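Work through the exercises below with the sequence and the 3D structure at hand. Each task is followed by a solution in steps.

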Amino acid sequence: IEDVARIIKSEGVKNIIVMAGAGISTASGIPDFRSPGTGLYDNLQKYKVPYPTAVFDLDYFHSNPKPFFELAKELYPSGKYRPNAVHYFVRCLHERGLLLRMYTQNIDGLERLAGIPPMKLVEAHGTFTSASCTKCGKKYNGETIKDKILKGATPRCQLTPLCYGIIKPDIVFFGEDLPKRFYYYLKDFPACDLLLVMGTSLQVRCYSLYFTAARITQCDFILSYFVEPFASLVDSTRATTPRLLLNMVKVGPFTKPSRRTDLSITGDISDSIHKLADALDWREFLQETMEAHE
Ligand code: CNA
């Protein structure tokens with residue numbers, strides 16, 4: 001932690017990229033996907049889906065949208081969940097002029113609620129702030145369908161009486177393209193001088209597709225990019241850029257570090273962030289940022 005604080009304080013570090021996943025929001029009360037026992041994948045019985053990933057599967061959604069909307073009702077950024085110290089730590093990086101961009105897989109909107117400006121965010125797996133009709137493509141503001149979702153109803157397109165397609169929040173489902181903003185990584189990552197990877201398992205999203213395609217083409221790296229572009233971002237920094245993982249357990253390339261500048265701090269991320277804030281002399285700054293905003 002002292003080493004990382006030294007890197008952040010050093011003159012040369014101006015462009016920090018944060019890559020985040022569901023693990024940064026567990027302290028806010030939102031379960032992640034894959035943590036054994038508490039993760040959503042182990043607790044989907046109530047949504048009655050045939051397999052765990054069906055909730056975010058486009059084909060399944062067209063045949064039965066109910067499980068997705070039940071889950072959406074839980075996760076909808078409605079004020080029920082609040083950002084925690086980890087979100088505010090990223091806000092502090094921004095306040096100090098150190099944040100180049102935050103790439104998040106989360107769909108809970110807590111980064112925006114913590115006051116991280118949208119221009120600093122790449123919500124790689126989409127957001128509830130906008131939505132689209134799955135039939136005619138008409139764009140909707142997330143607010144217009146919020147009430148329906150919170151009441152447990154399925155929002156329908158009103159463009160013409162003939163359409164009546166289901167309006168789906170712009171959350172990226174398996175098999176859908178990532179938002180255009182994701183491609184900012186092409187200029188962001190070469191400019192990055194410290195990568196913070198937080199609360200993510202860095203796992204591929206569609207194992208069956210990945211393994212079948214990997215067998216056919218025998219080209220693991222290129223494939224992993226197309227099947228899980230988010231996880232493969234960690235390898236897009238320059239080879240000398242320090243990469244720090246803050247996660248419960250070691251994941252992805254951090255399990256067998258191939259770079260001298262790879263670091264991991266395992267355990268609860270809220271604890272690690274508070275220790276890091278202390279090492280940076282940011283304890284009060286973090287506390288004040290949280291209190292002012294909350
Ligand atoms: P994941 O695969 O569930 O991995 C989460 C990681 O976080 C795991 O490695 C955990 O060990 C770790 N973790 C959990 N709690 C803590 C903690 N307190 N301290 C430290 N580490 C912790 O989730 P990913 O984000 O990697 O997977 C990507 C999916 C999850 C995306 O498509 C998201 O949209 C989706 N998701 C998002 C949310 C949300 O928006 N909050 C919730 C659940 C799932």
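## Exercise 1: the annotated histidine

His-125 is buried, at a relative accessible area of 9% (buried is under 20%, exposed over 50%, partly exposed in between, with a 1.4 Å probe and protein chains only). The model is a predicted one, in which local features need pLDDT of at least 70 and side-chain atom pairs count only at pLDDT 80 or more, while totals for chains, interfaces and linings use all residues. Residues are numbered from 1 along each chain as its sequence is written, and side-chain values use heavy atoms, with hydrogens and water left out.

Task: state where His-125 is found and between which strands.

Solution. 
- Step 1. Locate the residue: His-125 is in the loop that joins β3 (121–123) to β4 (126–133). Helices (H or I, at least four residues) and strands (E, at least two) are DSSP runs, numbered from the N terminus.
- Step 2. Check the record: an unreviewed UniProt entry lists His-125 under "active site". UniProt positions follow the numbering used here, feature names are shortened, and annotations may be inferred rather than shown by experiment.

## Exercise 2: salt bridges

Task: find how many salt bridges the whole structure has, then describe the pair Asp-3 and Arg-6 and the pair Arg-243 and Asp-262.

Solution. 
- Step 1. Apply the criterion: a side-chain nitrogen of Lys or Arg within 4 Å of a carboxyl oxygen of Asp or Glu. The search finds twelve salt bridges.
- Step 2. Take Asp-3 and Arg-6: their closest N and O atoms are 2.5 Å apart. The two residues are three apart in helix α1 (residues 2–9), and so about one helical turn separates them. An α-helix has 3.6 residues a turn, so residues three or four places apart point the same way.
- Step 3. Take Arg-243 and Asp-262: their side chains meet at 2.8 Å, N to O. This pair links distant parts of the chain, with Arg-243 in strand β8 (residues 243–247) and Asp-262 in strand β9 (residues 262–266), 19 residues apart. Both Arg-243 and Asp-262 are buried.

Task: which residues are linked with Lys-187 in a network of salt bridges?

Solution. 
- Step 1. The network links Arg-101, Lys-187 and Asp-188.
- Step 2. Between Lys-187 and Asp-188 the closest N and O atoms are 3.9 Å apart.
- Step 3. Lys-187 is exposed at 56%, whereas Asp-188 is buried at 2%.

## Exercise 3: the ligand

Task: describe what surrounds the ligand and how much of its area the protein covers.

Solution. 
- Step 1. Count the residues near it, with a heavy atom within 4 Å: 25 residues surround the ligand, and the closest are Phe-33, Arg-34, Asp-108, Thr-200 and Ser-201.
- Step 2. List polar contacts (N or O pairs within 3.5 Å; within protein, one atom must be able to donate a hydrogen and the other to accept it, and residues adjacent in sequence count only if both atoms are side-chain atoms). An oxygen atom of the ligand lies 2.5 Å from a polar side-chain atom of Arg-34. A polar backbone atom of Gln-105 is 2.9 Å from an oxygen atom of the ligand. In the side chain of Asp-108, an N or O atom is 2.7 Å from a nitrogen atom of the ligand.
- Step 3. On its own, the ligand has 860 Å² of accessible area, of which the protein covers 93% (Shrake-Rupley method, 1.4 Å probe; for residues, only the protein chains shown count as cover).

## Exercise 4: the annotated cysteines

Task: show how the cysteines of the UniProt "binding site" annotation are arranged.

Solution. 
- Step 1. The unreviewed entry covers Cys-133, Cys-136, Cys-157 and Cys-163. These are spread over 31 residues of sequence but cluster in space, with a largest C-alpha distance of 9.0 Å.
- Step 2. Cys-136 is in the loop between β4 and β5 (139–141) and is partly exposed at 39%.
- Step 3. Cys-157 is in the loop between α6 (142–150) and β6 (167–171) and is buried at 2%.
- Step 4. Find contacts (heavy atoms within 4.5 Å), leaving aside neighbours within four places in sequence: Cys-136 is in contact with Cys-157, Leu-159 and Cys-163. On that basis the contacts of Cys-157 include Cys-133, Cys-136 and Cys-163.
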